[in-house]
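Hello,

Here is the structure I promised to pass on to you. Please open it alongside this note, and I will walk you through what turned up.

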Amino acid sequence: MKRRNFIKNASLTGVGLAVGSSLVGYAETPSDKSFKNSLKSTNTLPLVIATWHVENATAKAMEILQNGGTALDAVEQGCMVEEADVNNQSVGKGGLPDREGNVTLDACIMNKDGDCGSVVYLQNITHAVSIARKVMEDTPHVMLAGKGAEQYAYELGYKKENLLTESSKKAWLEWKKESKYKPIINIENHDTIGMLAIDKNGDISGACTTSGLAYKMAGRVGDSPIIGSGLFIDNEIGGCVATGLGEEVVKTVGSFLVVELMRQGKSPQEACEEAISRIVTKPNSDYKNFQVGYIAVNKQGETGSYSIHQWFSMTKFQDGVNERIQSEYFLKE
Ligand code: SD4
């Protein structure tokens, strides 16, 4: 049984690699020498990558890195750009609410020393990522939830805010008419933000922040604040962040898996593809109906991204170029 699964997984990974190689931006196969060289030739530091289409966020992070700031400062401040953007309906202020109309935020952050902090089910505070950082730096804990996290934010001087904007409220009221729950694939191509940065010293940090799935059950927490699932950093190896249906990421401990695969010698691209294959090869996987995407960077500054469905993208800022890179994907139809 184990052996059969192993073979099944191995062959599917092979499919992912072969299919991926024919796509956007990659003319050669992954085993082709020039393909490997092209990945290696772009590894100048500092660099920042983020999930989805978030050029303003990566620009903010790069500004910090260029001024000699740490990767930790860069990912926090980059994520804060999206948290404050009321037009982004899946992060921070303006995020779509749960079924009861409450906007609840999940976020986490991890630094070069392997320290981490997270907040789950945080309400009434826009900058969840900053509270997560404070949990990491100023408390003896890793994770604060709900009222405790909110109370901690007030103690830090944050003010209570209404995170439900008029347009998110309108969307929720519209949804309530039928109350049909189905994860939305690639919502507006602009979703949960996960960000990874390497600073001038070569140190890696990462952060992730989200309002979670729109119209989730009250109390639901996704992958984004769960260290190892939504985010993982190992400064010796690299980092990974996830987006999409958090339940599936949690079940496979996705980001930790990607970093461990890189430790074993896989490139960031190969590691992301293998982590997606673990999801889609599960018996009875419903992967046609949900999206998961990973982005990853290794210590050498090589990057990769992969998703189940088309239209996932990564924003990358390196060598003065801040660009959106369409991700390779598994499901070709
Ligand atoms: C969650 N992973 O709460 C988040 C949502 C997300 O793209 O990333 N959507 O499950």
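Predicted model: local features only at pLDDT ≥ 70, side-chain atom pairs only at ≥ 80, totals over all residues.

Strands here, like helices, are DSSP runs numbered from the N terminus (helices are H or I with at least four residues, strands E with at least two), and two strands pair if DSSP finds at least two bridges between them.

Residues are numbered from 1 along each chain as its sequence is written, and side-chain values use heavy atoms, with hydrogens and water left out.

On its other pairing, strand 9 runs antiparallel to strand 8, joined by seven bridges. Threonine 243 stands opposite glycine 293 there. Strand 9 is mostly covered, with seven of its seven residues buried (buried is under 20% relative accessible area, exposed over 50%, partly exposed in between, with a 1.4 Å probe and protein chains only). Val292, Tyr294, Ala296 and Asn298 lie on one side, Gly293, Ile295 and Val297 on the other, and both faces are covered.

Stepping back, these strands belong to an open sheet of five strands in the order 7-8-9-10-13, with mixed pairing. Its edge strands are strand 7 (231-234) and strand 13 (328-329), each pairing on one side only. Strand 7 pairs with strand 8 (residues 238-244) in the antiparallel sense over four bridges, and isoleucine 233 has glycine 239 in strand 8 as its bridge partner.

Two helices pack on this sheet. Helix 9 (residues 254-263) touches strand 7, strand 8 and strand 9 (292-298), and its direction makes about 145° with that of strand 8. Helix 10 (residues 268-280) touches strand 9, strand 10 (303-307) and strand 13, at about 20° to the direction of strand 10. Contact means heavy atoms within 4.5 Å; axes are lines fitted to C-alpha atoms, for helices over the stretch in contact, and angles run from 0 to 180 degrees between N-to-C directions.

How do the two helices meet? The axes of helix 9 and helix 10 come within 9 Å and cross at roughly 135°. That makes helix 9 oblique to helix 10 (under 35 degrees counts as roughly parallel, over 145 as roughly antiparallel, 65 to 115 as roughly perpendicular, and the rest as oblique). Residues in the contact include Leu257 and Leu261 in helix 9, and Ala271 and Arg278 in helix 10.

There is also an open sheet of eight strands, in the order 4-3-2-6-5-1-11-12, again with mixed pairing. Strand 4 (143-145) and strand 12 (321-326) stand at the edges with a single partner strand each, so one side of each has no neighbour in the sheet. The twist averages 10° from one strand to the next. Strand 3 (residues 116-122) pairs with strand 4 in the parallel sense over three bridges, and valine 119 has leucine 144 in strand 4 as its bridge partner.

Happy browsing!
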